[in-house]
Structures are given as structure tokens and as C-alpha cells.
Amino acid sequence: MLAAARSATGLGIITELMDAADLEPLAEIADVIQIGARNMQNFSLLKKVGAQDKPILLKRGMSATIEEWLMAAEYILAAGNPNVILCERGIRTFDNKYARNTLDLAAIPVLKSLTHLPIMIDPSHGTGRSEYVPAMAMAAIAAGADSLMIEVHPNPKKALSDGPQSLTPERFDSLMQEMAVIGKAMGRWTAEPVAV
């Protein structure tokens with residue numbers, strides 16, 4: 001299905017690897033292999049993805065410190081794969097009444113001072129609420145994020161997964177225009193935004 005989606009749209013594919021046994025067939029389809037938050041410290045899995053050449057998107061564990069996250073990335077790097085993207089997707093804190101997680105935007109400047117690896121922010125999982133995604137996405141751009149992962153669905157109320165955190169395509173389009181204003185003001189956005 002992913003190969004068919006790429007063929008129909010021309011878009012790249014990022015998909016999550018949960019079991020090392022699935023690495024070979026998944027690597028044939030994926031452009032980027034995602035290691036989810038729950039597998040961030042699955043060191044045997046990290047070594048296996050590090051031994052192949054597809055870029056790896058490493059999501060931060062829900063309770064992981066920045067140092068633990070960077071050490072997890074080191075397993076991939078040490079196995080020979082230099083193509084690691086760090087993805088902040090919210091950490092577990094004491095108050096989840098209003099948002100699913102606390103999106104740690106302070107991690108962006110900290111990581112910029114500690115590593116050369118690119119930083120992705122996932123405000124959809126980071127908040128769990130679509131109404132908070134635009135503000136967190138714009139704040140992430142202002143703070144220096146290299147990329148964003150934003151969930152979009154044509155009918156979030158009927159989504160099989162993560163509907164409450166998904167933007168409609170129309171809201172996503174307007175958010176791209178809003179982010180362009182911030183990106184240009186920060187000297188980080190030189191052309192009109194392109195959604196992929």
C-alpha cells in the first residue's frame with residue numbers, strides 16, 4: 001500500500017519499524033525508517049537499523065532525558081549510519097488533563113548546542129489536540145526546528161487513528177502560510193512553503 005501511495009503521489013515514505021524481522025521488506029519501500037518512542041531504547045533494533053543505509057527518524061521516548069535520546073542515536077551512528085533525524089514528540093509529565101504530552105520545545109536549542117543531527121518536531125503527538133498543533137508548530141519553527149511532522153486527515157472525526165490531533169487539509173494549508181511568515185521573519189524560510 002505504501003509503494004502504491006508513493007507511485008500515485010510522488011511523496012516520500014516514512015514508516016515505523018517495530019520488529020527487526022521486518023527491516024528488509026520495510027527498507028525496500030521506506031525512504032526513511034522511523035523508530036518510535038517505545039523502541040527508542042531497543043538497542044538491538046537500533047544497531048540493526050544502523051547497519052543499513054536508509055535514514056532513521058528516532059522519536060524521543062516519553063520519559064527519556066535528552067542525554068538518553070542522544071545515546072540512543074549513538075547506537076545507530078556507531079553501527080555506521082550517519083543519517084539520523086531526532087524527533088521530539090512530547091514527554092510525559094504530571095498534567096495530561098489539557099494535552100496528551102508536554103511538547104519539549106526547549107530541547108531544540110539544547111540539541112542545537114550538543115549535536116549536528118537535524119531536529120524534527122511532532123506537535124500532533126506532542127499535544128494530542130488539533131487546536132494546539134498550529135501554535136506549537138509555529139513555536140518550533142521560531143525555536144529552530146529543521147522539520148515538522150503534522151498529522152492531516154480529510155475527516156478527523158472518522159479517522160481510524162489519532163483523529164483528535166489531526167488537522168483538516170484546509171487548516172494545514174492555512175498553517176503553512178502562517179508558518180511562512182514566522183520562518184521568513186526568523187531568516188529561515190526563503191521560498192514559499194511546500195507541503196509533502
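Modeller: Two strands pair if DSSP finds at least two bridges between them. Strands here are DSSP E runs of at least two residues, helices are H or I runs of at least four, and both are numbered from the N terminus. This is a predicted model; local features need pLDDT of at least 70, side-chain atom pairs need 80 or more, and totals for chains, interfaces and linings use all residues. Residues are numbered from 1 along each chain as its sequence is written, and side-chain values use heavy atoms, without hydrogens and water.

Colleague: How do you know that β4 and β5 pair?

Modeller: Strand β4 (residues 84-88) and strand β5 (residues 119-121) share 3 bridges, in the parallel sense. The rule asks for at least two, so they pair. Glu88 stands opposite Ile121 in β5. Helix α4 (residues 66-78) packs on the sheet and touches β3 (56-59) and β4. Its direction makes about 155° with that of β4.

Colleague: What makes β1 and β2 a pair?

Modeller: They have 3 bridges, again parallel. Ile14 has Val32 in β2 as its bridge partner.

Colleague: What makes β1 and β6 edge strands?

Modeller: The open sheet has 6 strands in the order β1-β2-β3-β4-β5-β6, with parallel pairing. β1 (14-16) and β6 (147-148) each pair on one side only.

Colleague: Why are both faces of β2 called covered?

Modeller: In β2 (residues 32-35), Val32 and Gln34 are buried on one side, Ile33 and Ile35 on the other. Buried means under 20% relative accessible area (1.4 Å probe, protein chains only).

Colleague: How do you know how α4 and α5 are set to each other?

Modeller: α4 and helix α5 (residues 107-114) pack at about 50°, axes 12 Å apart. That value falls in the rest class, so they are oblique. Ile66, Trp69 and Leu70 of α4 meet Ala107, Val110, Leu111 and Leu114 of α5. The contact has 7 nonpolar, no polar and no charged residues.

Note on methods:
Contact means heavy atoms within 4.5 Å. Axes are lines fitted to C-alpha atoms, for helices over the stretch in contact, and angles run from 0 to 180 degrees between N-to-C directions. Buried means under 20% relative accessible area, exposed over 50%, partly exposed in between (1.4 Å probe, protein chains only). Angles under 35 degrees count as roughly parallel, over 145 as roughly antiparallel, 65 to 115 as roughly perpendicular and the rest as oblique. Ala, Val, Leu, Ile, Met, Phe, Trp, Tyr, Cys and Pro count as nonpolar, Asp, Glu, Lys and Arg as charged, and the others, Gly among them, as polar.
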